Each structure stands twice: as C-alpha cells, then as structure tokens.
Amino acid sequence: MQNRFRVAAGLLAAAVLATWLAPPPAGAQDWAPARLADGQPDIQGMWNNADANHTPLELPDELAGRDSFTAEELRELAQARFDATIKANETLREGDPGFYALYWFDWFWQEPEGGDWPALITDPPSGKMPGMTELGRARAAYIREHLHDTYANMEGGDRCISRGVLGMMMPTAYNNGTLILQTPGYVVMHSEMIHNARIVPIDGGPHVAGDIGLWEGDPRGRWEGNTLVVESTNFKEVENLRAPKGRARQSPSRRIVERFTPVGPDTLRYSITVDDPETWTAPWTVTFPWRRDSGYQQYEYACHEGNYAVPNSLSGARAEEREAAAAGGSH
C-alpha cells in the first residue's frame with residue numbers, strides 16, 4: 001500500500017508539473033513569428049514584465065491541490081491581488097512614508113492580466129520555493145549579522161555592480177523594461193536596471209574556461225524551434241545577490257537555463273530554471289509572460305559602484321558601533 005501510494009503521488013506530481021510547464025495553448029502554437037534574414041525567430045523589441053508582479057511568487061495555500069485554471073480565473077486572481085494591495089495602502093496620505101511608492105511602481109500602471117499559473121513558481125510542483133542548504137542558510141545568516149562590516153558584504157545591486165541574472169530578469173517594483181536586439185550569431189538583452197546588457201552568442205560555441213567566474217555567468221544560446229534557450233554557467237562566487245524571497249549566495253556551481261517563447265505578436269512566455277546545489281536543496285523554475293511595450297522608454301539608471309548608499313551605510317554602522325562602545329564604557 002505504501003509503495004502504491006508513493007507511485008500514485010509521484011504520478012500526480014508529474015501530471016501537475018506537466019500541466020504547469022506544458023506548451024502554450026493550441027491557438028498560440030499555431031502562431032508563427034516572423035524570421036530574420038539569418039533564420040532567427042524575430043523577438044526584437046521592448047518587453048515589460050511588470051504585470052507579473054500581480055502574481056505571487058509561491059502558490060497560495062488555499063489553491064493547493066488544483067491542477068488547472070482557466071485564463072479568466074487567472075485574471076481574476078491577479079485582479080484580486082492588485083485590489084488587495086491598493087486597499088492595504090488606501091489609508092496613506094500625501095506626505096506619509098510610502099505614499100508615492102504606488103505611483104512609481106511599474107505594476108501600479110499595468111492592467112492585471114494573469115499569467116500561465118496562479119504562482120510564479122512552476123516547479124517544484126508544490127509551487128513553493130525549495131529550502132536553502134545548510135551552507136546557504138549559514139551564509140545568509142552571516143551576511144544578515146555582518147551586512148555593514150565591509151562593503152564586500154553588501155548586496156551586489158546596492159553596490160551598483162550587478163543584480164545578477166535573477167535581479168535583471170525577475171519582475172520588480174520598477175524599471176522592468178528589457179530591450180531585445182538580434183544580430184547574426186547573437187541576441188542582446190538590455191536591462192534598464194543598472195543598465196546591464198547581456199550579450200548571448202547563439203553560435204553553439206563552448207562556455208569559457210572553468211576557472212573564469214562572471215557576475216552574470218557565461219550565457220550560450222540556441223534555438224529549439226521558436227524557443228530561444230539560454231544556458232548560463234561560470235558564475236562568480238558572490239555571497240549576497242538578489243534572489244526570490246530575499247538575497248542569497250551565488251555559488252560557482254550555479255547553472256541557469258532560460259527559455260523565451262513567442263506565443264503571440266505581443267507576448268513572450270519566459271521561464272528561468274535555477275540549479276545551485278550549494279545554495280538550494282533542489283532546482284526551481286519560475287514562469288511568467290513578458291508583454292510587448294513599444295511605448296516604454298528606458299532611461300539611464302545612473303547607478304555606479306561607490307554611490308552614496310555604500311559609504312553612508314558603512315559610516316552609519318561605524319557611528320552605531322561608536323555609540324554602543326561609549327554606552328558600554330559609561331557603565
């Protein structure tokens with residue numbers, strides 16, 4: 001009985017996962033993007049993922065056990081989340097901290113449309129982020145305790161170096177515009193946040209030597225039908241980098257696979273799978289739509305290493321330490 005239960009549970013999990021990661025609906029599959037002169041499907045243009053902010057990262061407990069949702073339900077769930085956020089902030093008055101936040105958040109101006117699923121996490125099948133490894137938890141705890149001991153402990157985005165792949169590609173409060181350009185042999189993704197440009201070769205060449213570590217890894221792309229698949233390895237070891245549910249260590253063993261599938265003239269179906277066995281106990285996948293936004297204009301994100309956030313944070317921490325030492329010495 002126990003074995004039969006395990007087999008049944010495994011089959012159910014596989015079925016749910018297949019539902020979440022299934023190809024787009026038949027109508028979308030029939031749609032064929034235009035192709036460039038070199039044969040690449042044309043996915044150029046300005047894309048915006050702010051709408052994905054209306055979908056929670058993890059599957060809400062009250063939806064656990066569901067294995068299908070209609071497009072209308074997904075829109076209703078996204079609208080309900082939007083309405084709840086507005087209601088939670090409706091008591092704010094001009095001049096209150098946070099009053100203006102809603103107005104410069106990109107998602108505030110996006111119509112809640114709903115995505116492929118009622119949560120961004122589409123694997124594991126539970127819709128929940130896997131836990132951190134013992135090493136990952138230990139490093140995260142250390143960073144929290146010693147965040148302002150040195151500039152090197154501060155988050156890479158706060159230092160204006162890089163938000164990492166997750167920080168650039170996941171939906172965030174603002175600056176969600178990504179410009180995609182294509183040339184023979186390459187796809188370029190220009191992110192507004194910290195003005196990163198990811199240059200992805202699609203020539204089938206090998207990754208760089210294993211002893212070379214990069215903040216955003218070494219990307220290599222290929223086309224599988226109309227889907228651009230980008231695999232990134234050779235990540236630099238970084239103790240504190242943007243991640244869902246907070247910040248986390250990026251280890252050199254990290255491997256990221258992204259998929260960009262055009263499912264209509266104005267929608268890209270995007271997924272990112274992260275496998276970092278030193279940080280998380282299992283791989284995980286996030287899936288959500290990008291919307292074409294030709295009217296969106298990227299502006300310079302004037303962020304540079306050594307910006308005032310770094311010295312101010314460090315000097316503030318030193319001031320607190322002096323105050324604590326003086327208070328301790330007065331007893």
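Guide: Buried means a relative accessible area under 20%, exposed means over 50%, and partly exposed covers what lies in between (1.4 Å probe, protein chains only). By that rule, both Arg220 and Asp218 are buried. Please keep in mind that this is a predicted model, in which local features need pLDDT of at least 70, side-chain atom pairs count only at pLDDT 80 or more, and totals for chains, interfaces and linings use all residues. Residues are numbered from 1 along each chain as its sequence is written, and side-chain values use heavy atoms, with hydrogens and water left out.

Visitor: What makes Arg220 and Asp218 a salt bridge?

Guide: A salt bridge needs a side-chain nitrogen of Lys or Arg within 4 Å of a carboxyl oxygen of Asp or Glu. The N to O distance between Arg220 and Asp218 is 3.0 Å, so the pair meets the definition. The whole structure has 20 salt bridges.

Visitor: How do you know that Arg249 and Glu239 form a salt bridge?

Guide: Their closest N and O atoms are 3.7 Å apart, and that lies inside the cut-off, so the pair counts. This pair links distant parts of the chain, with Arg249 in strand 9 (residues 246-250) and Glu239 in strand 8 (residues 238-243), 10 residues apart. Strands here are DSSP runs of E with at least two residues, helices are runs of H or I with at least four, and both are numbered from the N terminus.

Visitor: Why is Arg249 called buried?

Guide: Its relative accessible area is 7%, which is below the limit for buried, so the label applies. Glu239, at 25%, is partly exposed.

Visitor: What makes Glu278 a salt-bridge partner of Arg249?

Guide: The closest N and O atoms of Glu278 and Arg249 are 3.0 Å apart, so this pair also passes. Glu278 sits in the loop between strand 11 (267-275) and strand 12 (284-292), 29 residues from Arg249. Salt bridges with shared partners join Arg139, Glu237, Glu239, Arg249 and Glu278 into one network.

Visitor: How do you know that the charged end of Arg66 sits over the ring of Phe69?

Guide: The test asks for NZ of Lys or CZ of Arg within 6 Å of the ring centre and within 35 degrees of the ring normal. For Arg66 and Phe69 the distance is 4.1 Å from the ring centre. Arg139 over Tyr142 qualifies too, at 5.1 Å.

Visitor: Why is Gly217 called buried?

Guide: At 8% relative accessibility, Gly217 is under the limit, so it counts as buried. Gly217 lies in the loop between strand 5 (197-201) and strand 6 (218-224).

Visitor: What does Gly217 touch, not counting residues up to four places away in sequence?

Guide: Gly217 touches Thr233, Asn234 and Phe235, where contact means heavy atoms within 4.5 Å.

Visitor: How do you know how confident the predictor is?

Guide: That comes from pLDDT, the predictor's confidence in each residue, from 0 to 100. The protein chain averages 85, and 85% of the residues score at least 70. Over residues 1-28, however, pLDDT is below 50, although this stretch has 28 contacts in the model beyond near neighbours in sequence.
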